[in-house]
Amino acid sequence: MDDVFERFIRERICEKNITPKTERAHRQAWISFKKACPIEKVEQLDKCKISEWLESLHETSIKATSVNCYGRSLNAFFKWLHESGYIEEKLKVKKQITSSEVVKILPEENLKALLSYRPTGYWKKRIQAIVLTVLDTGIRISEALTLKTSDLDLQNERLKVIGKGRKERIVPFSPELRRVLMRLMDSKELRLLPKDRYVFCTRRGRRLLYDNTRKDYDRLCVDLDIPKVGGFHRLRHTFATNFLRGGGNVMYLKDILGHSELRTTEIYVHTDHE
């Protein structure tokens with residue numbers, strides 16, 4: 001079975017051009033399935049095995065949202081098995097019911113502190129610029145950390161990001177963010193670096209790692225004496241919520257956020273403060 005799974009991964013990379021993140025998700029889902037339902041031959045795969053796997057997950061504390069993430073990856077594999085002639089039966093993991101939680105956004109005092117902050121020192125300028133970029137545009141933190149200077153159109157105030165599924169989209173930003181980005185890019189620590197580089201980079205021009213960026217955000221909140229509320233995705237939630245509260249169109253928001261389905265965007269219609 002592992003050989004068949006590896007064939008599936010190779011085809012997804014070649015034909016679907018999946019990202020390394022998607023590949024990791026497929027592998028994690030398959031590891032979870034194998035652990036609960038060890039099978040050696042494709043013929044052993046059936047609905048009973050899927051039920052057995054779901055039952056094993058329900059006995060743990062794993063959330064329904066995580067089960068659904070695994071399920072999406074496994075469904076892609078099962079569909080490929082059927083279309084490739086490995087199995088006759090169409091197998092599918094049913095979507096688990098999740099509780100509808102109200103989306104949380106940053107408290108007003110956090111926003112005021114972040115916007116009024118005047119950082120000194122490169123790392124402080126950098127993390128504030130990252131936070132304000134996500135708050136101003138709604139892009140994902142992974143998209144922000146992979147932004148190149150060539151992706152920025154400062155004159156027309158828009159940026160280009162490569163989102164999930166390697167889909168490219170253009171996102172507008174405000175004149176206020178433009179000033180923040182220009183101030184960061186004019187930092188003395190970056191003046192000797194090549195012009196074509198990551199926007200948010202180390203002093204040597206290298207790409208920032210997520211864990212280090214998260215630690216910088218924690219340190220920033222301590223410096224500002226504000227509570228660390230949620231992670232970087234909370235900033236994205238805040239942008240989307242304020243966009244709609246300001247009269248923005250949900251269809252336009254869908255395109256800005258890079259959602260493939262409108263129902264994903266519609267969760268921001270009803271939000272609450274934490």
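Biologist: Which residue forms a salt bridge with arginine 214?

Modeller: This is a predicted model, where local features need pLDDT of at least 70, side-chain atom pairs count only at pLDDT 80 or more, and totals for chains, interfaces and linings use all residues. Residues are numbered from 1 along each chain as its sequence is written, and side-chain values use heavy atoms, with hydrogens and water left out. A salt bridge here is a side-chain nitrogen of Lys or Arg within 4 Å of a carboxyl oxygen of Asp or Glu. With closest N and O atoms 3.9 Å apart, the partner of arginine 214 is aspartate 218.

Biologist: Which helix holds arginine 214 and aspartate 218?

Modeller: Helices are DSSP runs of H or I with at least four residues, numbered from the N terminus. The two residues are 4 apart, about one turn, in helix α9 (residues 210-224).

Biologist: Which residues does the network of salt bridges with shared partners join?

Modeller: Shared partners link the salt bridges into one network. Its members are Asp211, Arg214, Asp218 and Lys228.

Biologist: Is arginine 140 buried or exposed?

Modeller: Buried means under 20% relative accessible area, exposed over 50%, and partly exposed in between (1.4 Å probe, protein chains only). Arginine 140 has a relative accessible area of 11%, so the class is buried.

Biologist: At what N to O distance do arginine 140 and glutamate 143 meet?

Modeller: Glutamate 143 is also buried, because its relative accessible area is 3%. The side chains of arginine 140 and glutamate 143 form a salt bridge, N to O, at 2.6 Å.
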